[in-house]
Amino acid sequence: MTQLHPVAEPYTEGMLDVGDGNRIHWTECGNPGGKPAVFVHGGPGSGAWTNSRGYFDPERYRLIMFSQRNCGRSTPHASDPATDLSHNTTEHLIADMERLREHLGIEQWLLFGGSWGSTLQLAYAERHPERVSEIVIAGVTTTRRREIDWLYNGVGRFFPAELERFRAGAGDVEGDTFDILAAYARLMADPDPAVREKAARDWSAWEDAAVSLEPKGVPNSYSDRPSRDLLAMTRICAHYFSNAAWLEEGVLIREAHRLKGIPGKLIHGRLDISSPVETAWELTQVWPDAELIVIDDSGHTGSDAMRAAWRAALDEFAVRPARG
């Protein structure tokens, strides 16, 4: 197993009012005088992963963790169908990150995260490059429509029966991948808890299938979470992906030249069927300061070699001088 750093417990936390009735939960741990870093979680809607603290040297980093709107310990929670998600978009999350940075008095911070978190990191960094010191991404995605269609349709080439069950779970829907995802978004807002629970199970069964071939992965990595968190994550995922995250197609790769001068480590599993390494490679063609590190034994959920690469990247950046 990868030797991680001692896990630092939070020394302060709070709830930040970000408007529209939303409050996001945040914590700080490590060294208050250390290098600022923020963990940008995936999902969307998974909430902050406390086990990620071990990748950061608590003597060198001032680590900020936060749960994005309507998940984790942020309020209101998406598991409640009465919670309005109309004020939960990529633009809102970019603004929330900037508001949190200002609230904590941070000039620049390192960004770390993966999967959906990589999309949000890139969107934030391209909007505010002067506020980013370095970026470490685990499992690169940019949430293009083609990537979404691959995950919720194309991967069915490997799992045709499972894809059929996923599509059936959306009900009697005629249309493309995005119509299926929109149907799930409606089911996840249904007032009947039995309807929401079945939709969440059907969704997570497909997500688990899509990563099930990973030889060193984490079994049931989507479905194996508390019911309240699973409901929120499924609802937020369906909300975001049915709308292609409100991003112009290909914009994050096209605008990656804005990241010039920001060192990056893109750490991606060769065996990641759900999010093929092609996207990470395309990003490096536009962002010359990013290094692509492909882990041959890893898929989307990681391996010991991938976790070692995360720690190594963060250890390297921990002692890097501040970017001017």
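Let me begin with helix H10, whose buried residues pack against strand S3 (35-40), strand S4 (61-66), strand S5 (109-114), strand S6 (132-138), strand S7 (264-269) and strand S8 (290-295). Contact here means heavy atoms within 4.5 Å, and buried means under 20% relative accessible area, with exposed over 50% and partly exposed in between, for a 1.4 Å probe and protein chains only. Helices (H or I, at least four residues) and strands (E, at least two) are DSSP runs, numbered from the N terminus.

Please keep in mind that this is a predicted model, in which local features need pLDDT of at least 70 and side-chain atom pairs count only at pLDDT 80 or more, while totals for chains, interfaces and linings use all residues. Residues are numbered from 1 along each chain as its sequence is written, and side-chain values use heavy atoms, with hydrogens and water left out.

Returning to H10, the helix covers residues 304-318, and its 15 residues reach 21 Å from the first C-alpha to the last, close to the 21 Å expected at 1.5 Å a residue, where the expected span is 1.5 Å times one less than the number of residues. Which residues of H10 are buried? They are Met306, Ala309, Trp310, Ala313, Leu314, Phe317 and Ala318.

Now to the nonpolar cores, each a set of buried Ala, Val, Leu, Ile, Met, Phe, Trp, Tyr and Cys residues joined through side-chain atoms within 4.5 Å. The largest has 75 residues, and those with the most contacts inside it are Leu111, Tyr152, Phe166, Trp203 and Trp287. Helix H7 (residues 227-241) gives the most to this core, with 9 residues.

If we leave aside neighbours within four places in sequence, leucine 111 is in contact with residues including Val38, Met97, Gln121, Tyr124 and Ile135. Glutamine 121 belongs to helix H2 (residues 116-127), and glutamine 121 counts as buried because its relative accessibility is 0%. Beyond four places in sequence, glutamine 121 touches Val40, Leu111, Phe112, Gly113, Gly114, Ile135, Val136 and Ile137.

Next come the aromatic rings. Rings of Phe, Tyr and Trp (its six-membered ring) pair if their centres lie within 6.5 Å, and planes under 30 degrees apart count as stacked, over 60 as edge-to-face and the rest as tilted. By this rule the count comes to 17 aromatic pairs. One of them is tilted and joins tyrosine 152 to tryptophan 203, at 5.1 Å centre to centre with 45° between the planes. This pair links distant parts of the chain, since tyrosine 152 is in helix H3 (residues 145-152) and tryptophan 203 in helix H6 (residues 193-210), 51 residues apart. Tyrosine 152 is buried, with a relative accessible area of 1%, and tryptophan 203 is buried too, at 2%. Both rings belong to one aromatic cluster, formed by Tyr152, Phe159, Phe166, Tyr184, Trp203, Trp206 and Phe241.

Finally, a few details of the backbone. The peptide bond from glycine 43 to proline 44 is cis, with omega near -5°, and proline 44 is found in the loop between S3 and S4. Asparagine 70, in the loop between S4 and H1, has a positive phi near 70° although the residue is not glycine.
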